[in-house]
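Here are some notes for a first look at this structure. Please keep the view open while reading.

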Amino acid sequence: RLIIKRKLREEYSIIWVIATVTLIIFSFWTDGLTIIANFLGIRVASNLIFTGAIFLILIYLIHLSIIVSKLHENNKKLAQNLTMMKEKMEKEVIEKKN
């Protein structure tokens, strides 16, 4: 619904779908988290959840930092172009008056 209303982009909806499917899988397969934790050598299964969550949050924050950096650069270029166009228009107005 948020995608249709243009409040959420498609690329972020994929993350939510994956997270939802993962939660549904582990809600039905309760021993799965313990099996995976033992396989990875983690003694307590809840530590696997916290480690995974922290890792995913860090990756997401890096992704958002990259997006913000690109947007900042685009805004800077846009402001520079706008200033140049404004100066050009002012020069044309002055030339027409003379």
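1. Start with H1 and H3. These two helices are roughly antiparallel to each other, because an angle over 145 degrees counts as such, and theirs is about 175°. Note that this is a predicted model. H1 covers residues 10–28 and H3 covers residues 45–97. Their axes lie 14 Å apart.

2. Look next at who makes that contact. H1 supplies Glu11, Tyr12 and Ile15. H3 supplies Tyr60, His63, Leu64 and Ile67. By class, the contact of H1 with H3 has five nonpolar residues, one polar and one charged.

3. Now turn to H2, residues 32–40. H2 packs with H3 at an angle of about 80°, and the axes are 8 Å apart. Angles of 65 to 115 degrees count as roughly perpendicular, so H2 and H3 fall in that class.

4. Which residues of H2 meet H3? They are Leu33, Thr34, Ile36, Ala37 and Leu40. On the H3 side, the partners are Ala45, Leu48 and Ile49. The contact of H2 with H3 divides into seven nonpolar residues and one polar, with no charged residue.

5. Phe26 and Trp29 form it, with ring centres 6.3 Å apart and planes at 10°. The pair is stacked.

6. Phe26 has 28% relative accessibility and so counts as partly exposed. Trp29, at 42%, also counts as partly exposed.

How values were computed:
Residues are numbered from 1 along each chain as its sequence is written. This is a predicted model: local features need pLDDT of at least 70, side-chain atom pairs count only at pLDDT 80 or more; totals for chains, interfaces and linings use all residues. Side-chain values use heavy atoms; hydrogens and water are left out. Axes are lines fitted to C-alpha atoms, for helices over the stretch in contact, and angles run from 0 to 180 degrees between N-to-C directions. Helices (H or I, at least four residues) and strands (E, at least two) are DSSP runs, numbered from the N terminus. Angles under 35 degrees count as roughly parallel, over 145 as roughly antiparallel, 65 to 115 as roughly perpendicular and the rest as oblique. Contact means heavy atoms within 4.5 Å. Ala, Val, Leu, Ile, Met, Phe, Trp, Tyr, Cys and Pro count as nonpolar, Asp, Glu, Lys and Arg as charged, and the others, Gly among them, as polar. Rings of Phe, Tyr and Trp (its six-membered ring) pair if their centres lie within 6.5 Å; planes under 30 degrees apart count as stacked, over 60 as edge-to-face and the rest as tilted. Buried means under 20% relative accessible area, exposed over 50%, partly exposed in between (1.4 Å probe, protein chains only).
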